[in-house]
Amino acid sequence: EGVQKRGYEVLFLVDPIDEYAAAKVQTYKGKPLVSVTQEGLHIDAADNETAAGEARELEAARERLAGLCDALQGALGDRVEKVVV
């Protein structure tokens, strides 16, 4: 939703086959397909002030939920690779 608010077109790929199809089709009409679920996604923001505010909110949430992430990582052990906000 946040990406749509910035004016980007969003494809909702919810079927298991979609991941394979998106991996094969990396561009469409000269525009790259980018997964917004990937960690560390950086999108050029039209409004840098808004982006900075969102970054501060995300960092505050990471700090606030660090204990929960550690607890989940410990409880789930080898069943997960990483727990992040």
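What follows is a tutorial dialogue on reading one predicted protein model.

User: Before we start, what should I know about this model?

Analyst: It's a predicted model, where local features need pLDDT of at least 70, side-chain atom pairs count only at pLDDT 80 or more, and totals for chains, interfaces and linings use all residues. Residues are numbered from 1 along each chain as its sequence is written, and side-chain values use heavy atoms, with hydrogens and water left out.

User: How do I read the confidence, and which elements have the lowest and the highest mean pLDDT?

Analyst: pLDDT is the predictor's confidence in each residue, from 0 to 100. Here the protein chain has a mean pLDDT of 81, with 85% of its residues at 70 or more. Element by element, α1 has the lowest mean (76) and α4 the highest (93).

User: How many helices and strands are there, and in what order do they run?

Analyst: Helices (H or I, at least four residues) and strands (E, at least two) are DSSP runs, numbered from the N terminus. This chain has four helices and two strands. Starting at the N terminus, the order is α-α-β-β-α-α.

User: What does "buried" mean, and what share of the residues counts as buried?

Analyst: Buried means under 20% relative accessible area, exposed over 50%, and partly exposed in between (1.4 Å probe, protein chains only). Of the 85 residues in the chain, 7% count as buried.

User: Is aspartate 18 buried or exposed?

Analyst: Aspartate 18, in helix α2, is buried and has no salt bridge. For charges, Lys and Arg count as positive and Asp and Glu as negative, while His and the chain ends are not counted. The nearest side chain of opposite charge belongs to lysine 24, 15 Å away.

User: Which backbone atom does the side chain of aspartate 18 reach?

Analyst: The side chain of aspartate 18 reaches the backbone nitrogen of valine 14, at 3.0 Å.

User: How do I spot a salt bridge, and which side chains meet in one?

Analyst: Side chains of opposite charge can pair when their charged atoms come close. The rule asks for a side-chain nitrogen of Lys or Arg within 4 Å of a carboxyl oxygen of Asp or Glu. The count here is one salt bridge, and glutamate 59 and arginine 62 form it, at 3.8 Å from N to O.

User: Which residues form the nonpolar patch on the surface?

Analyst: Patches are made of residues with over 30% relative accessible area and no salt bridge; like charges are joined within 9 Å, and nonpolar side chains (Val, Leu, Ile, Met, Phe, Trp, Tyr) within 5 Å. Accessible areas come from the Shrake-Rupley method with a 1.4 Å probe, and for residues only the protein chains shown count as cover. In this model, Leu11, Leu13, Val25, Tyr28 and Leu33 make up a nonpolar patch with about 510 Å² of accessible area together. Leucine 11 belongs to the loop between α1 (2–5) and α2 (16–24), and counts as exposed because its relative accessibility is 63%.

User: What is the phi of lysine 29?

Analyst: Lysine 29 has a positive phi of about 50° although it is not a glycine. You'll find lysine 29 in the loop between β1 (27–28) and β2 (31–32), exposed at 70% relative accessible area.

How values were computed. Polar contact = N/O pair within 3.5 Å; in protein donor to acceptor, adjacent residues only side chain to side chain.
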